[in-house]
Amino acid sequence: MARMSVLTRDEAQNRAQLIDVHRYTIALDLTAGDETFDSRTLIRFSARTDADTFVEIKPAELRTVTLDGQPLDPALLDDGRLPLKNLTAGEHELLVDARMHYSRTGEGMHRFTDPTDGETYVYTQLFLDDVQRVFAAFDQPDLKAVFDLTVTAPESWTVLANGVTEHTGGGVWKAAPTPLISTYLVAVAAGPWHSVRTEHRGLPFGLHCRRSLAPYLDADADELLDITRACFDRYHEKFEEPYPFDSYDQAFVPEFNAGAMENPGLVTFRDEFVYRSAVTDTERQTRAMVVAHEMAHMWFGDLVTLRWWDDIWLNESFAEYMGYQTLNEVTPASPGGQPPRWRGTDTWTDFGVSRKAWGYDADQRPSTHPVAPEHVEDTASALLNFDGISYAKGASALRQLVAWLGEKDFLVGINIHFERHRFGNAGLAEFIDSLAAATERDVHAWADAWLRTTGVDTLVPEVRGGDPGTWTLAVRNPGDARPAPADGTATGRDGGRRPHRITIGVYDRDLHDAGRLALRERVDADVPADGTVSLDTGGTRPALVVLNDGDLTYAKIRFDSESLATLRTHLSGLPDPLTRAVVWNALRDAVRDGELPAADYLDIARAHLPHETDVALVQGVLAFASGHVSDRYLSPARRPAALATLTDLCRDLIRRTEDGDHPGLRLVAVRHSIDAAAHPEPVAAWLTEGTVPGGPELDPELRWRVLARLATLGAVTETDIAEELRRDPSATGQEGAARCRAALPDPDAKARAWDAMFASDDLSNYLFTATAQGFWQPEQAELVRPYVARYFKDSVAVAARRGPAIAAAVGRWAFPAHAVDAETLKLGEKTLRKADPVPALRRQFTDQLDDLARALRVQEA
């Protein structure tokens, strides 16, 4: 397949100067068959001057086009663009009638048939430029318009859209016209939905899912609606501008590529958030945060929208920050006085563990970019920037801004921004001007330092003992403290250019409990860019100094030698989970930078994680210990010992939670115990009995998890997998079976899995990912060795054929991450130089190869 053209920034700016778009009247017919649907679009727009321009559409068949009543030749369509020649200044009407393809990759109009009951559902995902897969559009965010939508669907279906929908008869649904919104925010979801509806503050609220998930949505409906109402009310306390749309529906849809999408009035979520199996309270909190994040977008992104994609952060960084902060503020107590289950921990502890490392990692790769880059060339480049920088680093920068500016002035500036640009577009300059109107501080200089630079600063303590009873502390900001690699490999280094407002925690050993640490004091400090700050101290030298205690800034931290020695023995004795999160992140960074041996990290985890009470911390530490330390940072010869350590650690957590008081900790320990099993017998017995001794019972998620591990170890057959699939024929079961089949240590099974991924285009986005997850297993390195070289050839071809979503999955999930050796690195680098992979795959290769080079350095260290 030829690559589709992308819209450049210059083209978008030129078109925005030529035309104004007023209204889209769209009719979609979803009754035309299983492969295609009909799309008819009337666009009313005006030209400011005589000019040529173009409209975008990617049809299966372009039937007819008329401009102001005059036919245009459909054959003029070229690479998704239909030229509009010789426009005259004034009003115009463009009518486009087309047949469009349904998608199986989560892009455009995705179609899914539920294997549980045979029901079919469709929904749109039109971000970033996929509206062209559904209807004709002038597809750029600063050409906002009113959207007037009609959908014809099978009689048994319900149609949801951005506005309230009405069934007018004969399967025809009419949606209320939208306010001015961008093309990428239009949304439709149609099918025999199971719905839970209510009203709040005069607006209709709804929850929707597939019928086969109805019992699970019903079980959590009160929780989800409580979160939705609480966040809605809290945002109305923060924001002077009221919610700008006519309804608030949340649809949980199948095979969704992202976590969720902020379509105004109709937020779509991946339906894994409708839990079929047991989850931890921290996972419930994550779901609640996504609800809060997407609702924040109703203002940040939907009401006021970026002008071009270089300001992605104005959408994502703000929603990320507001999601965590607002959820922290809206935790009502249950009738018994306890927080609800969806508040598993302090939200910023969860952010520090599950999100912040994502930003740190992305910011140290060659593909790093500023939070607010000055020039994003085109839409393909923009799509690559939806990463840990635009989300986690940007949210961290905003948290630092609030610490520096004060929340009161920050919110005043936000509300000025909404008032100035409601239902319009704005960029970084306008946002900074809005903040500047609310404060005397130099926010322009702050933005230059924080939003226009790349890389991670490293804050280093210098602790010295003076006369008996005295000590001194200085904090140095050398930027990125890591030495540049000897081979000249790029590292994303550009730090040491930001000032930081931090809190420093000073701790002593607890005199009453030998295993605990006691907070002596917390000291606020302003650390200058490229400089050192010295602080007044008193008393004896402390046992531990923690820079950035409270995690208010975005920077790696180091420990002095005495503090590190204290942490080896007393880390679990720190009283505050957020402090422990800062420490665990610092230890993680030290491992990745080759300053702390990976085996030492495992030893510290073995000593302290069995005593941890915060589920988010246990999840985060075990994920890094297994997915990075044991699988990549230790040599294959040392991996069995690492797995044994993890098994012992999980066993201790399981024993500690036998009283039933910590079900979340126990569930996390059971999951990782399964993943670390070196021999099949213990977990095979769990599968046979249907339960872990003392609980929990094996629900579908745990059963497929056990079966996948047994498949990897060669302890199950295709017959066993088929039997489990008969037990659970759901979409999740189909994915579990694909994962298990690909994991079987059998040459024929590997060949079938490889062909399914790379020789055929039949796999949906989710089934492709599941197959890829099963294929590469460290225990099977010799068996799959011939496929490593094949990967770099076949991945380029399938990514070019199937588009950005599959390209991203190919690069993320199908990459041979276990093959940490120089030969894999050379193969990948050669592919980057010579094979010209599509942008989404090129970015994944760049990141994966940098991570591979880092793993090699860590192993060598």
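The largest nonpolar core holds 155 residues. Those with the most contacts inside it are Tyr 24, Phe 45, Phe 135, Phe 138, Trp 313, Phe 410 and Leu 451. A nonpolar core is here a set of buried Ala, Val, Leu, Ile, Met, Phe, Trp, Tyr and Cys residues joined through side-chain atoms within 4.5 Å. Buried means under 20% relative accessible area, exposed means over 50%, and partly exposed lies in between (1.4 Å probe, protein chains only). The model is predicted: local features need pLDDT of at least 70, side-chain atom pairs count only at pLDDT 80 or more, and totals for chains, interfaces and linings use all residues. Residues are numbered from 1 along each chain as its sequence is written, and side-chain values use heavy atoms, with hydrogens and water left out.

Helix α1 spans residues 9–18. Helices (H or I, at least four residues) and strands (E, at least two) are DSSP runs, numbered from the N terminus. Arg 9, Ala 12, Arg 15, Ala 16 and Leu 18 of α1 are buried. The cover over these buried residues includes β1 (19–29), β2 (36–47) and β3 (51–56).

Leu 849 belongs to helix α27 (residues 839–860). Leu 849 counts as buried because its relative accessibility is 6%. Lys 826 is 23 residues from Leu 849 along the chain. The C-alpha atoms of Leu 849 and Lys 826 are 9.2 Å apart.

The structure contains 70 salt bridges. Each is a side-chain nitrogen of Lys or Arg within 4 Å of a carboxyl oxygen of Asp or Glu. One of them joins Arg 341 to Asp 281, with 3.3 Å between the closest N and O atoms. This pair links distant parts of the chain, 60 residues apart. Arg 341 sits in the loop between α4 (312–329) and α5 (347–354), and Asp 281 in helix α3 (residues 281–297). Arg 341 is partly exposed, at 46% relative accessibility. Asp 281 is also partly exposed, at 30%.

A salt bridge also forms between the side chains of Arg 464 and Glu 462, at 3.7 Å from N to O. Arg 464 has a relative accessible area of 48% and is partly exposed. Glu 462, at 23%, is partly exposed. Asp 576 and Arg 522 likewise meet through their side chains, at 3.7 Å from N to O. This pair again links distant parts of the chain, 54 residues apart. Asp 576 lies in the loop between α12 (561–570) and α13 (577–592), while Arg 522 lies in strand β25 (residues 517–527). Relative accessibility is 27% for Asp 576, which counts as partly exposed. Arg 522 is partly exposed at 40%. Elsewhere, Arg 234, Glu 237, Lys 238, Glu 329 and Glu 407 are linked in a network of salt bridges.

Strand β25 also takes part in an open sheet of three strands. The order is β25-β24-β27, with antiparallel pairing. Strands pair if DSSP finds at least two bridges between them. β25 and β27 (544–546) stand at the edges with a single partner strand each, so one side of each has no neighbour in the sheet. Neighbouring strands of this sheet are turned by 20 degrees against each other on average, direction ignored. Strand β24 (residues 500–509) pairs with β25 in the antiparallel sense over ten bridges. Tyr 507 stands opposite Leu 519 in β25.

Rings of Phe, Tyr and Trp (its six-membered ring) pair if their centres lie within 6.5 Å; planes under 30 degrees apart count as stacked, over 60 as edge-to-face and the rest as tilted. By this rule there are 53 aromatic pairs. Phe 239 and Phe 418 form an edge-to-face pair, at 5.2 Å centre to centre and 90 degrees between the planes. Phe 239 is in the loop between α2 (214–238) and β17 (248–253), and Phe 418 is in helix α9 (residues 407–421), 179 residues apart. Both Phe 239 and Phe 418 are buried. The pair of Tyr 243 and Tyr 248 is edge-to-face because the planes stand at 80 degrees, with ring centres 5.8 Å apart. Tyr 243 and Tyr 248 are both buried.

Terms used
Contact means heavy atoms within 4.5 Å. Axes are lines fitted to C-alpha atoms, for helices over the stretch in contact, and angles run from 0 to 180 degrees between N-to-C directions.
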